[in-house]
Amino acid sequence: MADPFEVRMRFSSLLQHLNASITSSQKAAHYALKYRDMDEDLHSCILEQLERNSMNNRANIMYFIEHLCDMAQRENHLEFVRMMQRDILMVVDAVAPEDGSGAANVKVVRRVLNGLQQKDILVPQTVVEIEACLKERDTLPAHLALSPLPTNDHPSKAPNTTPHGGKANGVARLDKRQIEQRIEEDRERHKRLRESIWAIGADDDLEFEKMWDEGSDVGEDDFLAAEEDMLERRQAVGVD
């Protein structure tokens, strides 16, 4: 039997190193399901990492939660799903806090909540209630939390600058490296989203059947029109 402390430490490390790639989320989800007998401890680990990590990483954990619930549902280990349903408000509060420090994560929360609803993991009423809370937290422009920290290069022009890692107007500010990382991760996710929109499913017959069903039946007028077209083409050939 695996040592619970080692499993927890390994899982925490996986959560801390999540990024925009689907692979990282799937790897962490596979690990959680591998040690499903410790599901309560691993769930508490998720909540703990949401409280401890940066806003960028909290967004990554939010996306991971959707992968975990989806995978747990497919493998019929619903305890992870039930615990997430129970604590979803706590998760949202950590990813997009009321103080506005997570304004840049509001869109992330909305995407994941919609995904969980589509997978029947969250009921519509729960999503509606959370959305009402998110509207109040979305009043701060997302770019403000992602704007770089002011420097002391021109102290006379910026007397109210905040120290590195501090807050401006009560909002936690990210350093330049975190901003660049977030921009790159968002770009990667948008790229995957566009690819998924244009992707063609394995069953291409569905599109053909849809076009076939939507097409009208062939009538007498269609035969007359075809005959007229044929006569016109013959006349044109004869003229040439």
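Visitor: In which helix is H43 found?

Guide: H43 is found in helix α3, which covers residues 39-52. The model is predicted, and what follows should be read accordingly. H43 has a relative accessible area of 2%; as the cut-off for a buried residue is under 20%, H43 is therefore buried. Once its neighbours within four places in sequence are set aside, its contacts are M83, M84, R86 and D87. These four positions fall within helix α5, which runs over residues 79-95. Helix α5 is also where confidence in the chain is highest, with a mean pLDDT of 97.

Helix α3 packs against α4 at an angle of about 160 degrees, and the two axes are 9 Å apart. Angles over 145 degrees count as roughly antiparallel, so α3 is roughly antiparallel to α4. The crossing of this pair is left-handed. On the α3 side the contact is made by I46, Q49, L50 and E51, and on the α4 side by R58, I61, F64, I65 and L68. By class, this contact comprises 6 nonpolar, 1 polar and 2 charged residues.

Helix α4 in turn packs against α5. Here the angle is about 165 degrees and the axes are 11 Å apart, which makes α4 roughly antiparallel to α5. This crossing, too, is left-handed. Helix α4 contributes M55, R58, A59, M62, I65, L68, C69, A72 and Q73, while α5 contributes F80, V81, M84, V91, A94 and V95. The residues of this contact divide into 13 nonpolar, 1 polar and 1 charged. Some residues link the pictures given so far. M84 is in contact with H43, and M84 is also one of the α5 residues in the contact with α4. R58, I65 and L68 take part in the contact of α4 with α3, and these three residues are likewise listed in the contact of α4 with α5.

A further partner of α4 is α6. The axes of α4 (residues 55-74) and α6 (residues 106-118) come within 9 Å and cross at roughly 5 degrees. An angle under 35 degrees counts as roughly parallel, so α4 is roughly parallel to α6. The contact involves A59, M62, Y63, E66 and C69 of α4, together with V108, V109, R111, V112, L113, G115 and L116 of α6. Its composition is 9 nonpolar, 1 polar and 2 charged residues.

S25 is in contact with L18, F64 and H67, leaving aside its neighbours within four places in sequence. F64 is one of the α4 residues in the contact with α3. S25 counts as buried because its relative accessibility is 3%. Its C-alpha atom is separated by 8.6 Å from that of L14, which is 11 residues away along the chain.

N76 lies in the loop between α4 and α5, and its phi is near 60 degrees, a positive value in a residue other than glycine. D120, in the loop between α6 and α7 (124-137), has a positive phi of about 60 degrees although it is not a glycine. Most residues other than glycine have a negative phi. N76 is exposed, with a relative accessible area of 61%, and D120 is exposed at 65%.

Finally, the setting. The chain contains 11 helices and 2 strands, in the order α-α-α-α-α-α-α-α-β-β-α-α-α. Of its 240 residues, 38% are buried. Among contacts between residues at least 6 apart in sequence, 76% join residues at least 24 apart. The average pLDDT is 79, and 70% of the residues score at least 70. The pLDDT is below 50 over residues 149-165, a stretch with 15 contacts in the model beyond near neighbours in sequence. Confidence is lowest in helix α8 (residues 142-145), at a mean of 47. Where pLDDT is low, the predicted coordinates should not be read in detail.

Conventions: Residues are numbered from 1 along each chain as its sequence is written. This is a predicted model: local features need pLDDT of at least 70, side-chain atom pairs count only at pLDDT 80 or more; totals for chains, interfaces and linings use all residues. Side-chain values use heavy atoms; hydrogens and water are left out. pLDDT is the predictor's confidence in each residue, from 0 to 100. Contact means heavy atoms within 4.5 Å. Axes are lines fitted to C-alpha atoms, for helices over the stretch in contact, and angles run from 0 to 180 degrees between N-to-C directions. Angles under 35 degrees count as roughly parallel, over 145 as roughly antiparallel, 65 to 115 as roughly perpendicular and the rest as oblique. Ala, Val, Leu, Ile, Met, Phe, Trp, Tyr, Cys and Pro count as nonpolar, Asp, Glu, Lys and Arg as charged, and the others, Gly among them, as polar. Buried means under 20% relative accessible area, exposed over 50%, partly exposed in between (1.4 Å probe, protein chains only). A crossing is left-handed if the near helix is turned anticlockwise from the far one by less than a right angle, and right-handed if clockwise.
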